[in-house]
Amino acid sequence: MLTEVLSDHPGRQLRQTEGAIERHHRDVAEHSAAVADLRARHTASRRWWQLGKRLTQYFEVRELEARAPVVDPALLHRRAQQEAGVLAEDTVTHALQELSDEWLLFRGYTNRRGEIDHLLVGPGGVWAIEVKGRNVCVHIQGDHWSYEKYDRYGNLVGQGALTDRRGRSWGRQVSEPASALQTFLATRGVYTTVHTAVAVINDRASLGVCDNCPIDVVSIGTHYLLDSIQAQWPVFDAGTCRKIAALIRRDHTFHAQRRGSRR
């Protein structure tokens, strides 16, 4: 399988978070150095009998220590989540390497309805794949996606809806941009179904209730996803695959430029 990176949004977000954490660590180190310098200057400037000066300097140091910066715990939590997301996407990319070079994987395709983590084009069709790195039990009832989270002892420690920042379920998160891509390809003379999949990549993830699933594949890990793709009968020849790939690049570039201009 060939791979082409259109955008690296998860990696860029992780680098931004790591940069913010590094700045916090730098502030902490600079503050510690300032405290040590103040103490050294105090020691050099006073004599043993200057009790009043000693007390004044003590409170100066305490005041400076009270202003010590700390690394925001929310930043550390965000970095852990982003690292899990990047690792999950890399895991799916690695698993899809089993496909032949007739297949092309686009990472980070964007259109007017959102971003698709992995967009796969090959003899077996077009696949839009949303990748998640959560250690949760996933429940699906139509368009309502929810989760339960358990600790290592089996105790329930969290539950809620599985949605993105716009309130879309994981299913809609992949199906909406996939539908927009399918419409775009049809306007350019390529009539095909864009298959949809969500891959949850975490050793402790599982699938619970799954009723009326609105997408084609929900895969815990990569094996079921890969099997589903390989089970498809060939529907495209090499020329059609190249045409679809060119249209995808064109559509992504158009929407990425529009987003950039709005920013």
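**Entry 1. Terms and source**

I take a nonpolar core to be a set of buried Ala, Val, Leu, Ile, Met, Phe, Trp, Tyr and Cys residues joined through side-chain atoms within 4.5 Å. I call a residue buried under 20% relative accessible area, exposed over 50%, and partly exposed in between (1.4 Å probe, protein chains only). The model I examined is predicted: local features need pLDDT of at least 70, side-chain atom pairs count only at pLDDT 80 or more, and totals for chains, interfaces and linings use all residues. Residues are numbered from 1 along each chain as its sequence is written, and side-chain values use heavy atoms, with hydrogens and water left out.

**Entry 2. The chain as a whole**

I looked up the secondary structure and found 6 helices and 10 strands in the chain; helices (H or I, at least four residues) and strands (E, at least two) are DSSP runs numbered from the N terminus. I then looked up the radius of gyration, which is taken over C-alpha atoms. The chain has 26 Å, whereas a compact globule of 263 residues would have a value near 18 Å; the globule rule is 2.2 Å times the number of residues to the power 0.38. Along the principal axes, the C-alpha atoms fill a box of roughly 90 × 45 × 30 Å. Of the 263 residues, 42% count as buried. Among contacts (heavy atoms within 4.5 Å) with a separation of 6 or more, 65% join residues 24 or more positions apart.

**Entry 3. The nonpolar cores**

Which residues of the largest nonpolar core touch the most other members? I found Leu119, Val126, Val138, Trp145, Leu181, Ile244 and Ile248, in a core of 33 residues. Elements giving two or more residues to this core include strand 2 (104-111), strand 5 (137-141), strand 6 (144-150) and strand 8 (194-200). Helix 4 provides the largest share of this core, 6 residues. Apart from this core lies another, of 18 residues, with Ala88, Val92, Leu120 and Val131 among them.

**Entry 4. The largest pocket**

I use "pocket" as follows: on a 1 Å grid over the protein atoms alone, a cavity is a set of points where a 1.4 Å probe fits but cannot get out, while a pocket is an open set with protein on both sides within 12 Å along at least five of seven lines; lining residues have an atom within 4 Å of a point. Grid points are joined across faces, edges and corners, and a volume is the space filled by probe spheres set on the points.

The largest pocket has a volume of about 1600 Å³. I noted 43 lining residues, of which His9, Gln13, Lys132, Arg165 and Gln173 lie nearest the centre. Helix 3 supplies the largest share of this lining, 10 residues. Helix 1 (9-45), helix 4 (170-187) and helix 6 (238-262) are among the elements that each supply at least two. I sorted the lining by class into 11 nonpolar, 17 polar and 15 charged residues; Ala, Val, Leu, Ile, Met, Phe, Trp, Tyr, Cys and Pro count as nonpolar, Asp, Glu, Lys and Arg as charged, and the others, Gly among them, as polar.

I then turned to Lys132, which is found in strand 4. Is Lys132 buried or exposed? Lys132 counts as buried because its relative accessibility is 14%. Beyond four places in sequence, Lys132 touches Ala88, Trp170, Gln173, Ala199, Val200 and Ile201.

**Entry 5. The second largest pocket**

The second largest pocket has a volume of about 210 Å³. Its lining has 14 residues, with Asp101, Glu102, Ala238, Cys241 and Arg242 nearest the centre. Helix 6 gives the most, 5 residues. I counted 9 nonpolar, no polar and 5 charged residues in this lining.

**Entry 6. Single residues**

I found Asn212 in the loop between strand 9 (206-211) and strand 10 (217-220). Asn212 has a positive phi of about 55° although it is not a glycine, and Asn212 counts as exposed at 68% relative accessibility.

Ala180, in helix 4, is buried, with a relative accessible area of 11%.
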